[in-house]
Amino acid sequence: MNWRAIQAIYIYEMTRTVRTIWQSVVSPVISTSLYFVVFGTAIGSRIDQVEGVAYGSFIVPGLIMLSVIMQSISNASFGIYFPKFIGTIYELLAAPINFLEIVIGYVGAAATKALIIGLIILATANLFVDIRIEHPVAMVAFLVLTCLSFSLMGFIIGIWAKNFEQLQLVPLLIVTPLVFLGGSFYSITMLPETWQKITLFNPVVYLVSGFRWSFFGMADVALGWSLLAIAGFTGLCLGIIWWIFRTGWRIKA
Amino acid sequence: MSTMLSIRDVRKVYDGGGEALKGVSLEIEEGEILALLGPNGAGKTTLISIICGIATLTSGKITVGGHDVIEDFRAARRMIGLVPQEMNLEPFEKVINTVALSRGLHGLPRNDSYLDEVLKKLSLWDKRDTPIRELSGGMKRRVLIAKALSHAPRVLFLDEPTAGVDVELRKDMWQIVRELKAQGVTIILTTHYIEEAEAIADRIGVISRGDILLVEETGSLMRRMGRKDLLIELHEPVATIPESLSKYDLRHGERDDVLIYSYDTQAARTGITQLLTDLSEAGLVLRDVQTRQSSLEEIFVGLVRDNNAEDAA
Ligand SMILES: Nc1ncnc2c1ncn2[C@@H]1O[C@H](COP(=O)(O)OP(=O)(O)OP(=O)(O)O)[C@@H](O)[C@H]1O
Ligand SMILES: [Mg+2]
């Protein structure tokens, strides 16, 4: 392993994050606050409680997941698309590093940034509502795994994309609906039975459910399924990335 | 001296179907400067990209310092520094950060005193904290060189380093190349300019349409260039050149009434006076006499033209 190379990529990427830190942090904080105003206040005044948890608190894990997933994808996809776009990728290809090292560097940096934003949102939410975390270690573990797996997915999108429109396409067309329909703002037990079944095909459901369990000790689906889903998704992304680098797909002529 | 770079029978077919390299073979000695000379689209960048790992190779084998560039890519690439043809730099990044990244990617610990030395040598020291977008084109070219030198490579590729560069920077660049050569670094550079190749290279390789047409020591190419042809036009055509003139190595021109005598302009005696005397003694009557220079440019253009004609046939 060329650890120095991984470190160099990571530091370089984090420096870029720091350079644009205000953009990166301000917008998720503002949008989270807006969600609280809209969902927490407007809807919360009607829904009162979900399975014994105040609605305002109930949506916190979902809100964090929403931002963290979006952030992971956009950080990682942009992180690797940008060198492709301006041509600096030549340097990665000509360096004595393999695919795993490139991925660890880029995905690590993207996931770190998403994680930081997730924690900032948690802190912001704490200003609006009461939050208790029953399983803090599991909470952090879920958060980290989500950041990592969706950063991996973002990395794939960044390599696949041939232009900026495509870069936005997958998050907009696939990820946003999945996240909104993934039980971020409601318990899937509130849905009619048919919809509950359909929803079970949405991988985000398992993430949100597991994450919410770490807060309130209650879940829509069994915890084991949540862990399995996230492990399977991570494995799938790693497999695709391994294939990309082996064949040079969309990176080597 | 040992072989530093060995390229054997390398072919490259791009996905679009174009055959950019048609079985290129080349050996480069350690510490040598080789200039690859060739027109646009000849395959110079393609060859360099394959060696460095930026493009895949269709078939063939390449080793750098004895390390296969595919099987043993880490060892091979650690030895290589690359200055690409295109100005690929991140505009918002500071000079020092991008140079430090290059060093780190090669697995070396950050060493600011070494990097500072590199930046000073390239007159970039005062720009180390400047974002790249604020630099002029020539300075960006220097940044690319600094990145390539950041890990003290043993083999340096310079892909058209002097394109769009003023005389001053060109001189600086050659100075740096000479210093690196003195340290034993092997250097491969590409160019469209023959004078440039002459000025700096130990050997010159001519490449056209994916084929290496010639690799020759610059000195001997220069000597070829230093030769002149004396064209002797006669009143009457001669089928066979008289025996008495055999020591002059005369040959026929395009027509039978033209004889050509090649001589070295640098030699103490060109032999022209004696030849003219001998000609009239052999009974040949001159109509006209002229000389022409065979320049490297001519050799080069001739080679490329022949190659293109062959391809067309
Ligand atoms: N990525 C690519 N995909 C398809 N064809 C390519 C690609 N890159 C280069 N080629 C083709 O390969 C051939 C050789 O190109 P190359 O860039 O190696 O030439 P070159 O000698 O460096 O030319 P120049 O002096 O203009 O830089 C050209 O016909 C070019 O069109
Ligand atoms: Mg080129």
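This is a predicted model: local features need pLDDT of at least 70, side-chain atom pairs count only at pLDDT 80 or more; totals for chains, interfaces and linings use all residues.

Q: Why is A:Thr234 called buried?
A: Its relative accessibility is 18%. Buried means under 20%, so A:Thr234 counts as buried.

Q: How do you know that A:Arg16 and A:Glu13 form a salt bridge?
A: Their side chains meet at 2.9 Å, N to O, and the limit is 4 Å between a side-chain nitrogen of Lys or Arg and a carboxyl oxygen of Asp or Glu. The pair therefore qualifies as a salt bridge. Both residues sit in helix α1 (residues 3-19) of chain A, three residues apart, which is about one turn of the helix. Both A:Arg16 and A:Glu13 are buried.

Q: What makes the salt bridge of A:Glu91 and B:Lys147 one that joins two chains?
A: The side chains of A:Glu91 and B:Lys147 meet at 3.0 Å, N to O. A:Glu91 is part of helix α4 (residues 89-93) of chain A, while B:Lys147 is part of helix α5 (residues 137-149) of chain B, so the pair joins two chains.

Q: Are A:Glu91 and B:Lys147 buried or exposed, and how do you know?
A: A:Glu91 has a relative accessible area of 11% and B:Lys147 one of 5%. With buried set at under 20%, A:Glu91 is therefore buried, and so is B:Lys147.

Q: Why does the salt bridge of B:Arg292 and B:Asp229 tie together parts that are apart in sequence?
A: The closest N and O atoms of B:Arg292 and B:Asp229 are 3.3 Å apart, which is within the 4 Å limit. B:Arg292 lies in strand β14 (residues 286-293) of chain B and B:Asp229 in strand β11 (residues 227-234) of chain B, so the bridge links parts that are 63 residues apart in sequence.

Q: Which residues do salt bridges that share partners join into one network?
A: The network consists of A:Glu13, A:Arg16, A:Arg19, B:Glu90 and B:Glu93. Over all chains, the structure holds 22 salt bridges.

Q: Why is the site of ligand 1 called shared between chains?
A: Residues from chains A and B surround ligand 1, so the site is shared between them. Of the 14 residues around ligand 1, those that come nearest are B:Asn40, B:Lys44, B:Thr45, B:Thr46 and B:His192. Helix α1 (residues 44-52) of chain B gives the most to the shell, with three residues. By type, the shell divides into five nonpolar, seven polar and two charged residues.

Q: How do you know that B:Lys44, B:Thr45 and B:Gln85 make polar contacts with ligand 1?
A: A polar side-chain atom lies 2.7 Å from an oxygen atom of ligand 1 in the case of B:Lys44, and 2.8 Å in the case of B:Gln85. For B:Thr45, a side-chain N or O atom is 2.6 Å from an oxygen atom of the ligand. The cut-off is 3.5 Å, so B:Lys44, B:Thr45 and B:Gln85 each make a polar contact.

Q: What is noted about phi of B:Asp249, and why is B:Asp249 called exposed?
A: Phi of B:Asp249 is near 55°, a positive value in a residue other than glycine. Most residues other than glycine have a negative phi. B:Asp249 lies in the loop between β11 and β12 (251-252) of chain B. Its relative accessible area is 65%, and exposed means over 50%, so B:Asp249 is exposed.

Note on methods
Residues are numbered from 1 along each chain as its sequence is written. Chains are lettered from A and ligands numbered from 1 in the order in which they are written. Side-chain values use heavy atoms; hydrogens and water are left out. A residue is near a molecule or strand if one of its heavy atoms lies within 4 Å of it. A polar contact is a pair of N or O atoms within 3.5 Å; within protein, one must be able to donate a hydrogen and the other to accept it, and residues adjacent in sequence count only if both atoms are side-chain atoms. Helices (H or I, at least four residues) and strands (E, at least two) are DSSP runs, numbered from the N terminus. Ala, Val, Leu, Ile, Met, Phe, Trp, Tyr, Cys and Pro count as nonpolar, Asp, Glu, Lys and Arg as charged, and the others, Gly among them, as polar. Buried means under 20% relative accessible area, exposed over 50%, partly exposed in between (1.4 Å probe, protein chains only).
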